[in-house]
Amino acid sequence: MNHKIIKFQIFGDSRGSLVSFEEKKNIPFCIKRVYCVYGTNPDQERGKHAHKELEQVVVCVSGSCTIILDDGEKREAIKMNKPNAGLYIGKNTWREMSNFSNDCVLIVLANEYYDEKEYIRNYEEFLNGTAL
Ligand code: T46
């Protein structure tokens, strides 16, 4: 499957904790876009799409949620609840996000600008593409 967990070093002291994200160092690409997902109601689902080429790293900096990843053959559910563990998601990977806690905040680092044409939002279309 085209995903992996990236562990970030925690710089912690008596004041609290800090993690940093650096392109081509602990993030495996050049970062063109950063966005934040927050305030999602716990009964709502997000995602339900794949990307043709986009690569991203998702970091849950507060609260928790579940991300299901699907490569067309296998599905894996990943619990997101640690600021020091990023989820790298490569191209052609279907994702579904659910079980959001009220305080869930996701920071997402992406290697390209936003482009709706780059999304595959239909699951059948996704499956047909991965079967090629
Ligand atoms: C992903 C998961 C983890 C923009 O205008 N610019 C942006 O950079 C993004 C990401 C979204 N938008 C607009 C497009 C929609 O009108 O914001 C709205 C919500 O986007 P979407 O429904 O795609 O959000 P999610 O949470 O389902 O998915 C997002 C990302 O779109 C997606 O790439 O992998 O987070």
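Student: What does Asp70 form a salt bridge with?
Tutor: Arg75. The closest N and O atoms are 2.9 Å apart. A salt bridge here is a side-chain nitrogen of Lys or Arg within 4 Å of a carboxyl oxygen of Asp or Glu. This is a predicted model: local features need pLDDT of at least 70, side-chain atom pairs count only at pLDDT 80 or more, and totals for chains, interfaces and linings use all residues. Residues are numbered from 1 along each chain as its sequence is written, and side-chain values use heavy atoms, with hydrogens and water left out.

Student: Is Asp70 buried or exposed?
Tutor: Asp70 is at 2% relative accessibility, so it counts as buried. Arg75 is at 46%, so it counts as partly exposed. Buried means under 20% relative accessible area, exposed over 50%, partly exposed in between (1.4 Å probe, protein chains only).

Student: Which residues are linked in a network with Asp70?
Tutor: Arg75 and Glu96. Salt bridges link them.

Student: How many salt bridges does the structure hold?
Tutor: Eight. One of them joins Lys91 and Glu53, with the closest N and O atoms 3.5 Å apart. That pair links distant parts of the chain, 38 residues apart. Lys91 sits in the loop between strand S9 (85-89) and S10, and Glu53 in the loop between S5 and strand S6 (56-62). Strands are DSSP runs (E, at least two residues), numbered from the N terminus.

Student: And what about Asp13 and Arg15?
Tutor: Their side chains meet in a salt bridge, 2.6 Å from N to O. Arg15 is exposed because its relative accessibility is 77%.

Student: What are the distances for Tyr35 and His49?
Tutor: A side-chain N or O atom of Tyr35 is 3.3 Å from a ligand oxygen. For His49, the distance is 3.5 Å.

Student: Which element gives the largest share of the shell?
Tutor: S5, with four residues.

Student: How do the shell residues divide?
Tutor: Four nonpolar, four polar and four charged. Among the residues around the ligand are Arg33, Arg46, Met97 and Tyr114.

Conventions: A residue is near a molecule or strand if one of its heavy atoms lies within 4 Å of it. A polar contact is a pair of N or O atoms within 3.5 Å; within protein, one must be able to donate a hydrogen and the other to accept it, and residues adjacent in sequence count only if both atoms are side-chain atoms. Ala, Val, Leu, Ile, Met, Phe, Trp, Tyr, Cys and Pro count as nonpolar, Asp, Glu, Lys and Arg as charged, and the others, Gly among them, as polar.
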